[in-house]
Each structure stands twice: as C-alpha cells, then as structure tokens.
Amino acid sequence: MSSERLFGVKMRASQEGRHVSGAERIVPASRVAQTLAALADRALRHSKGEPDFINLKADAVGEVVRIPSLPVSTVEVADAAEGWARAEEMLKAAGVARAREVCGLFRETYSMRGAMLLDADTLERLEPNPERGVRATNMDSAVSSPANVKNHFAEALVLASKVLSAPGIVGEVCMSDDPNYVTGYVATRRFGYCRITKLKEPGDEAGGRIFLYRGRREDVAATIDYLERRAVVVETPSPDANAAPRRFDSLERELSEIAAAGLRRETRMVSSRSGCHIAVGGRTLVSFASNDYLGYASDAEVAEAAADAVRRHGTGSGASRLVTGTLTPHVGLERQIAAFKGSADSIVYATGYMANLGTIAALVGRGDVVLSDALNHASIIDGCRLSGADVVVYPHLDMDALDGRLASCRAYRRRLAVSDGVFSMDGDMLDLPRFLEVCRRHDAFSMVDEAHALGVVGATGRGLSERFACGHPDLMMGTLSKALGAEGGYVAGNASVVEYLRQRARPFMFSTAPDIAAMAGAAAALARLDGDPSRVRRLQANVRTFVAALAENGIAAKTDSAIVPILIGDECEAMRVSGELEKRGFLIPAIRYPTVAHGAARLRAAVRYDHGEEDLTAAAAAVAAAVRQHDD
Ligand code: PMP
C-alpha cells in the first residue's frame, strides 16, 4: 500500500432488520470510491436476499499493523457431536477448561450483532454491551481480491487472524448463522485456524462468534479497542496455498443443502443376511430391499461354484477381455446366457450399468438417434448421453408417441429405441409386442433392459418374450446381479450385434474382464433356474399374496413384476414411513429424488421367493399402519 492516507471501507446490508451481508477493506484514499461501489454491488447481489438497507462507511484509519495469517487446517467429522468434541480438545489445549459449555452459548449469540467476549476461565461475559457484543473490524487481507466478490474462507481467516493477534485472546469459535452451512472453525494459537466440517446439524439457525480472553480485567478495554479499531492487514497465504480449503467449500455447502432437503443418502452396513432376513444396525429385519429375487446370492451350491472357480482360476482376471482376460468361465457363461435367452450369442460386462453404458454408446453416436422411455434406468440415460447421438425421450410406455417420433427420425443413420422391460422404480412392464412392431416398422434397433425381468417374468423366468409369447428385441440386456444373485451384466442378440459390441464396446475393451467368482456364481444360478423354475412360480405367487394383502389393508399397489411401489409423495414422509416400518421389523426402503421425480417419493418393496406368507401379510399390515400413523 502507498503512503496515501488509508481508509477502512465497510458495508453492512440488512433486510427488515436482519443481517444479509457485510464486508470491509482497507484501501488508500484513491480507491475509496471504487471500493464503496463494489461493496454496494456485492450487497445488492447477495444470495440471501435483496437488502432494504445498505450502510456504507469509510473511516480514515491510523497506522496499520501487518500480521501473518494463522495456519489453516481442516478436520473432517461425521456429525456436530464429533465436531464439538474436536473443538473442545483444541480449546482445552488452549487452557479453556469449560470448553463444553461454550457450545451451548451459541443459542445466545444468534441474536447478537457482534461476538461474545468471555473470560476463558470463568466464562463470564466481558463486553460492556452484551446485546451488541464486540465487533472485530478494520482489517483486510494483504492479498487483494475483488471487493464485489465474496471469498468466505479468506475473509474468515483474516478475521480470525486479527482476533487471535489481540492481546489476551486465547481462542475463537465461529459458526455461521446460515442454517444450511454447517462448517465452522476454532482458532487458537497452537492449532491455528481449524475448519471443522460440522459444528451444527443442517437446519439449525444457531450461529455467531465467541472470543475467549485470559488476562486482567483492567486490560479488557484495550483488547476491545484493538479488535474494533486497530487497522490490521493480514498476510494471508497466496490463493494457491489456500486452494485446498476453498475448493472444498462448495462441496460442503452442497452436502448441507442435500441434507436439509431430506435427500441425504447413507450407506448402511449389513452385518449378515440369510434368505430374506438381514441384520442391520444390530437388528434382524425381514428385507424387502434386495434384488436377489430367487435367493441365489446366499445359496450354498452357488457359493461353492463361485469359490471353486476362484480356487481354479485365481481372483482377478488380470487383463481386459481382448488381451488375456477371457477365461473359460466368461465364455461358458456367455454361451449359457445365449441358450437360455434363445439368441445366437451374448456378451458379458462387469456390471449391468456398464452393459447399458457400453452397449448404447457403441451402437449409436453422432448422426444417430436414440429414443428412450422417460422412466428408463439411469444407466440407460447415461449411455444415451455418453453416445453423442441425438436423444429423444418419449413419454413413459407410450408406444404411439414412440411410433410418431420414430416416423420423424428417418434421416438418421441409425435409430435405436431402448426401454426398461420392467421399470425398476414402478414395477410396470413394457408392452413388448407393440414395441417390437413399432421398431421393426421404422427399421430401428430395439433394445430392452431385462434387469428385473430375468428370473421373474414369464412362466420359467425367461423374461418378456416368454411372457408375451412374442419375438426377441435385437438387444436383450440383463444383469447377473439380481435374480442370478451375482454381479455383472449381459447383452444377448444375434451374431453380428454381439460381435459388433466385442469390437466397439469400450467397457469390454478397456476394463479388466468381469470377476471370475461372479461368472461362476451366475452360471450356477442360471443352471438351477434353467433346470427348475419352481422358485419363479413361488416368487410370482408371493407377489400376488403381497399385493392382495396390501389391498385388504386399504393400500393400493400394483405391479407386473416383483417390484411393488407404494406411492407416498413427500420425501420426508416417505422416510418417516420407512423408518416406522423398520421399527416394526421390516426393511422397505424409501426411494427419493433423484432416483424418482421430486414429490414422487415412494416405498419400494421387492418381493422374494423365500418370503413366507406370514412375512407378506404382516408386512402389508405394517405398511398400512405406518402410513396411517401420520394421517391420524
Ligand atoms: N438396469 C436396471 C433397470 C437396473 O435396475 C439396474 C440396477 N439397479 C441396472 C440396469 C444396473 O445393473 P447393475 O446393478 O448390475 O450395475
């Protein structure tokens, strides 16, 4: 900065008396006007809302003290309780014995304009005006950033560095009053500026600052004077050095928003499973949450086949299929799938997701068009996007719309129509004969995802062609991960389609060949299914029993498969009902956005062949009771 007179330039903006935004800079006289304008601009564009009052001020400041910034670190915590435990450790290391009580005081700081100043030992309030608190102000960073842009992290670091340089201050704790921003920090001399990823739970409005002071009472006034009036310029590290903490900011904010909207997903650890029973969170529940429709995932014979293959071939296949990754279990399974599906050939992929992604992106590209049902699985949607082809989304199951849209796509090199056979969140089914007729008439490739149809639909579980006694789509996609209880995906079709995929599908070419245990497990399960369709019949009977029991309890549900959706609507309500069912011993997950549309949250019950009649009727009664509990 030059020898010109320096000014502290400040902006505070509010809306109906509520703080919206605030910022400040220390600038030479020649930059006062432009800084005031930039700060006003920033106030007017604040995301918290349009202010109705903007206070702009420029005071000449005396001599400026230059101080180094505190070192920065981040502590990742799972929740606010852990966040406070870590904050407490740091404050204790700074000699604050009653650190735990500091947390509770944030209920009071919320309404204050400044910070609370506490005696670090007795936690007595030291500010002359407790309603206003103490304002740390007259500070800036030596690294200039545009005044009209908020740099949350840099501004907080400047403030904390000034506060900790004040005489007698041993610590600061800060929590944003934004209910969606849960990250806070603790600043101490020993640990520096330490961001803690969660100091409150989303939705909590508490927030503010607390400064901790240790020293003589007669010196408190000098400390407050330093905090409020002394001009301080903080030598913050260069933006590059700070890049790590700042780039995580937007992620953390978004995570908080996800949680606040009731959309946070959690992985739950399953400690054991046996048939339709599953142990989670220390309890055993009857599970309606697995795609292992026919129970092969925990079948001893299937497991033995998988284990035996690993003993013979080892674990990883060591290379991609086109290098040295094609082992006998891969080839054997591909032949077996083709025979079961009544096609000339098939190709396996490591997952069903890859099968859709790789197949669609291989078959169509720029200059082609893909027509996709509005409720298709995410892996199909992603395949369409990745392909670079034009994508036309037609209304769910609307074959007239598909017909009409295909009619206007004649100019494209290739046309591909793709649909789930059984829709994974609705349990309804494609009218395959109609789909095939429309596709053939327009000379379009037809592709059907039978992830939830194999082993479920058709008298012997062969899928939609069996159910409708009609021909096959050009590409019959399916998974090994559901009724076959293993892992992987496949596409069955005629020789040229499958050969084309072997030459062009990138997951086949560039990813290590699918897992041997999965291949052998799927092969054993498929052999069992082929040899004895009785589990399919039991599954289909169980679905009828469950839907009828729901109807008897006043819950309307329908399905063409083993997926029974129970529509709730509101995301939080769906979570509540699912939680209530868990208390009653049933695991029926809530499905929310983005898996289904906003406001279309539902319970998704997946029926298995080994659910007992008692499980099904009791679960249906529990669903009705849990839904009604709220209506009362
Ligand atoms: N298609 C559909 C319709 C699915 O439901 C799923 C799995 N949820 C997949 C494809 C992807 O299969 P995988 O889980 O084997 O990757």
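User: Which residues come nearest to the ligand?
Analyst: Happy to start there, and note that this is a predicted model, where local features need pLDDT of at least 70, side-chain atom pairs count only at pLDDT 80 or more, and totals for chains, interfaces and linings use all residues. Residues are numbered from 1 along each chain as its sequence is written, and side-chain values use heavy atoms, without hydrogens and water. There are 15 residues around the ligand, each with a heavy atom within 4 Å of it. Those that come nearest are Tyr 353, Asp 449, His 452, Ser 481 and Lys 482.

User: How much of the ligand does the protein bury?
Analyst: Let's look at polar contacts, pairs of N or O atoms within 3.5 Å. A polar side-chain atom of Asp 449 is 2.5 Å from a ligand nitrogen, and one of His 452 is 2.6 Å from a ligand oxygen. Taken alone, the ligand exposes 400 Å² (Shrake-Rupley method, 1.4 Å probe). Of that area, the protein buries 82%.

User: What is the phi of Asp 443?
Analyst: Most residues other than glycine have a negative phi. Asp 443 is not a glycine, yet its phi is positive, at about 50°.

Note on methods:
A polar contact is a pair of N or O atoms within 3.5 Å; within protein, one must be able to donate a hydrogen and the other to accept it, and residues adjacent in sequence count only if both atoms are side-chain atoms.
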